[in-house]
Amino acid sequence: MRKLAEITHLIIDMDGVLYRGDHPLPGLRDFFAFLRERSYPFILATNNSTRTPQEYVARLAGMGVRVSPDEVLSSGLATARALASEYPKGTRVHVFGSPALRQAIAEQGFALADGNVEVVVASMDWDVTYDKLKHASLLIRGGARFVATNLDPTFPGDEGLLPGTGSLIAALQTASGVKPRAIGKPEPTMFRLAVGQMGAGPETTAVIGDRVETDILGGKRAGLITICVLSGTSSRAEAESFGPDFIFEDIAGLLDAWLCE
């Protein structure tokens, strides 16, 4: 049986774990005070590629928690870093996605382009149009490698479950006839990048998440300790079916248990 005392590094999901929408979840400030006091390195990992690290820093600051941009890893950043290990600087890349994703790709030295590209990187695009879908699919059909930041089909909104990145990726896959390589959760790539960034080992690194099909499944695939909190998407029954190492109601419950060890 695993013990919380074994953990030395953390990969932490945000929405549903630290906050829900614009509302901090119970124990948020105390949990980060605990991490800082114990000097536990952590990475805040999210499949949302539409915000920059600086935007997440500002969002958490508004909830009374200070983190640095270097402690934030989005699926867009993970995708850019993964591709930078495979392609030289100056490689032409077409981005189907947000300004934040374009920034992440450009900062790795890639040339943003709309034609004669080697890679098409696709993610959520709030301003998607038929012409954008058509152009990206034709580039893929023309031989460009198809890479997706993540495949989340939906995300929770005030109106219910809304179309997510995976819905747009599915349209591109159908139009191009090509299945993409995905980088974000639950694929192990993003987790391994976070572990490497911290200089950690998988056997003492834990992932904390609320969504079993991304956070917990991905953590297991990467060989990490898995902690599911029930303050977001997944129910206790769903969590138990995936068999994480720990299940808590929220990070406040996790903190209480950790302090008792």
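Leaving aside neighbours within four places in sequence, Leu 10 is in contact (heavy atoms within 4.5 Å) with Phe 31, Leu 35, Pro 41, Phe 42, Ile 43, Met 198, Thr 205, Ala 206, Ile 208 and Trp 258. The model is predicted: local features need pLDDT of at least 70 and side-chain atom pairs pLDDT 80 or more, whereas totals for chains, interfaces and linings use all residues. Residues are numbered from 1 along each chain as its sequence is written, and side-chain values use heavy atoms, without hydrogens and water.

Leu 10 is also among the residues with the most contacts inside the largest nonpolar core, which has 34 residues; the others are Ile 12, Leu 18, Phe 31, Phe 32 and Leu 44. A nonpolar core is a set of buried (under 20% relative accessible area, 1.4 Å probe, protein chains only) Ala, Val, Leu, Ile, Met, Phe, Trp, Tyr and Cys residues joined through side-chain atoms within 4.5 Å. Elements that each supply at least two residues of this core include strand E1 (9–12) and helix H10 (251–260). Its largest share, 5 residues, comes from H1. Another core, of 28 residues, lies apart from it and includes Leu 83 and Val 207.

Helices H3 and H4 (DSSP runs of H or I, at least four residues) form a packed pair, summarised here.

| Property | H3 with H4 |
|---|---|
| Axis distance | within 9 Å |
| Crossing angle | roughly 25 degrees |

The angle makes H3 roughly parallel to H4 (under 35 degrees). Gly 76, Leu 77 and Ala 80 in H3 meet Leu 101, Ala 104 and Ile 105 in H4.

Key
Axes are lines fitted to C-alpha atoms, for helices over the stretch in contact, and angles run from 0 to 180 degrees between N-to-C directions. Angles under 35 degrees count as roughly parallel, over 145 as roughly antiparallel, 65 to 115 as roughly perpendicular and the rest as oblique. Buried means under 20% relative accessible area, exposed over 50%, partly exposed in between (1.4 Å probe, protein chains only).
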